[in-house]
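Q: Could you walk me through this model? I'd like to start with the strands, then turn to the charged pairs and the confidence.

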Amino acid sequence: MGRGTWSWIVPDGLWELARPLIPPDRVRPQGGGTQNTPDETLFAAIVYVLVSGCAWRALPPCFGVSKSTVHRRFLIWTRAGVWGRLHEAVLQRLGDTGLLDVSRAVLDSAHVRAKKGVDFTGPSPVDRGKQGSKMHILSDAGGLPLVVAVTAGNTHDSKALKPVVEAYLMRQHTWGDRYQKPGRLHADKAYDVPHLRKWLRGKRIGVRIARKGIESSERLGRRRWVIERTMSWLTGYRRLNHRYERNPVNYLAFLGLAATLCCYKRLASLTT
């Protein structure tokens, strides 16, 4: 199969960033394996599953590769941390070109129904108690997803604030001089907890969290609307609309890949 058949699936240039992060395929002693299947084809097939939301067994034959092979390679690359490192690489490109605006960061969450999930699921308070999970997103001022996380559907939003913000602050050790701490954090009143405000101030991050009983829950705010657009971008990848993965790590992998694609599309549109 020629690359042109599925080249539309992966944005131009993204594979060049992903290639160095892909672990080498191990040759199995009993023979066989996927040595003749290019990693680029497998990568495109995984992106197709994310975009289309199809089951692994429903992969179209145009990829010319076994469905079980694509699924197995997805699990191997997930365990190797490929998706998180690819997201990081794209964010560094955005930072190097001045396209990240961390003068403000915005935090919010969204519920997804869990069809087969076991771990990190719980009765959703906004979906008649059905089992679900939450995706937590921290974005920059323009809505580009900086950090993604997954919790059970009945986890209070406020419990994710510290882990998500700390995950971003850890980049200080890897980005060096390119790292910038968020100037302010915007969030809705679900995060209006006194000890979280105090913790953020201790990190020298300005607090712009809606106050309970003061700001209407129906008012999105001048700064926080971008996170709603980010959620729309991410749920546009149909594999994220419902959680089919039993293992939350696999759902988080798809979420990380979707965040990577959102960031890379912005990078490609502003640098071409």
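Q: In which sense do β5 and strand β6 pair, and over how many bridges?
A: β5 and strand β6 (residues 206-209) pair in the parallel sense, over 4 bridges, where strands are said to pair if DSSP finds at least two bridges between them. Leu185 stands opposite Val207 in β6, and the chain crosses from β5 through α7 to β6 in a right-handed β-α-β crossover. Right-handed here says that, with the strands pointing away from the viewer, the path from the first strand over the helix to the second runs clockwise. Helices (H or I, at least four residues) and strands (E, at least two) are DSSP runs numbered from the N terminus.

Q: And what does strand β1 pair with?
A: Strand β1 (residues 104-114) pairs with strand β5 (residues 184-187), in the parallel sense and over 3 bridges; Ala105 has Leu185 in β5 as its bridge partner.

Q: Before we go on, what are the ground rules for the numbers?
A: This is a predicted model, in which local features need pLDDT of at least 70 and side-chain atom pairs count only at pLDDT 80 or more, while totals for chains, interfaces and linings use all residues. Residues are numbered from 1 along each chain as its sequence is written, and side-chain values use heavy atoms, with hydrogens and water left out.

Q: OK, charges: how many salt bridges does the structure hold?
A: There are 5 salt bridges, each being a side-chain nitrogen of Lys or Arg within 4 Å of a carboxyl oxygen of Asp or Glu. In one of them, Arg73 meets Asp39 with the closest N and O atoms 2.8 Å apart, and this pair links distant parts of the chain, Arg73 lying in helix α3 (residues 67-79) and Asp39 in helix α2 (residues 39-52), 34 residues apart.

Q: Is Arg73 buried or exposed?
A: Arg73 counts as buried, at 5% relative accessibility, whereas Asp39 is partly exposed at 25%; buried means under 20% relative accessible area, exposed over 50%, and partly exposed in between (1.4 Å probe, protein chains only).

Q: Which side chain does Lys134 meet in a salt bridge?
A: Lys134 meets Asp157, at 2.5 Å from N to O, and both residues are buried.

Q: Last topic: where is confidence lowest?
A: Confidence is lowest in helix α6 (residues 172-175), at a mean of 63, and highest in helix α7 (residues 194-202), at 96, on the pLDDT scale, the predictor's confidence in each residue from 0 to 100. The chain averages 87, with 86% of the residues scoring at least 70. Where pLDDT is low, the predicted coordinates should not be read in detail.
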